[in-house]
Amino acid sequence: MTGDPIAYTYDAAEHCPACARARFGSDDHGFVPEDAEDSEGNGIGAVFGWDEIEPDRGLYCDTCGAEIVEALPYVVVENTPGYLPEDDDPGRFATLDEARVYASDRLSDLLDHLYEAHGLHEDSGGLPFRVVGSFAQGDDCVIVYDLTRTHDLGRVIDIVDTRAS
Ligand SMILES: [Zn+2]
């Protein structure tokens with residue numbers, strides 16, 4: 001990662017370096033001149049690669065629409081109903097399809113674990129767990145109950161669109 005700005009802020013929005021240079025010109029180092037002012041008379045801010053970008057929104061140029069940081073609005077969380085997710089750093093994805101693939105992988109891992117825990121093979125009848133929902137059929141949320149445990153709360157794998165909250 002270089003120390004060059006990945007975007008500039010002016011006119012109350014972010015813009016890519018190319019658009020900023022096209023508008024304000026550039027100094028000897030190729031950066032927007034430090035004394036440049038936007039249409040409201042405010043100075044120009046710089047955004048760097050190490051700055052915190054909201055992952056659900058990403059960063060897009062307000063002038064040309066170029067993608068500076070890809071938005072990753074879909075999060076896959078796995079938890080027990082009624083409890084907070086244990087994973088502080090859940091999988092983040094740009095599209096619902098990518099999130100669904102990841103969620104399906106998490107689900108098969110969970111089912112593999114249950115098969116193993118009960119010493120079962122996939123072809124044995126009378127499975128001791130129940131799966132509610134299907135990512136393959138377009139559900140965003142699947143719950144797995146372990147039927148051998150009397151008060152099992154189940155395990156939820158949920159695809160969340162963080163922009164909706
Ligand atoms: Zn631009």
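A residue is called buried if 20 or more other C-beta atoms lie within 10 Å of its own, exposed if 12 or fewer, and partly exposed in between, with C-beta atoms placed from the backbone. The structure is a predicted model: local features need pLDDT of at least 70, side-chain atom pairs count only at pLDDT 80 or more, and totals for chains, interfaces and linings use all residues. Residue numbers start from 1 along each chain as its sequence is written.

Start with the domains, whose bounds come from an automatic or database domain assignment. Select 7–69 for domain 1 and 74–161 for domain 2. Their centres, taken over C-alpha atoms, are 42 Å apart.

Click Thr9: Glu14 stands opposite in S2, and Gly45 is the bridge partner in S3. Two residues separate S1 and S2 in their hairpin, and Asp11 in the turn has a positive phi of about 50°.

Now select helix H2, residues 96–117. Ala99, Ala103 and Leu107 are buried. They lie on the same side of H2 because they cover an arc of only 70° around the axis, the arc being that of the directions from the helix axis to the C-beta atoms. Turn to the face away from the buried side for the exposed residues Asp97, Ser108, Asp109, Asp112 and Glu116. Finish at Gly119, which follows H2 and has a positive phi, near 60°.

Technical notes. Pairing = 2+ DSSP bridges. Helix = DSSP H or I, 4+ residues; strand = E, 2+ residues; numbered from the N terminus. Expected span 1.5 Å × (residues − 1).
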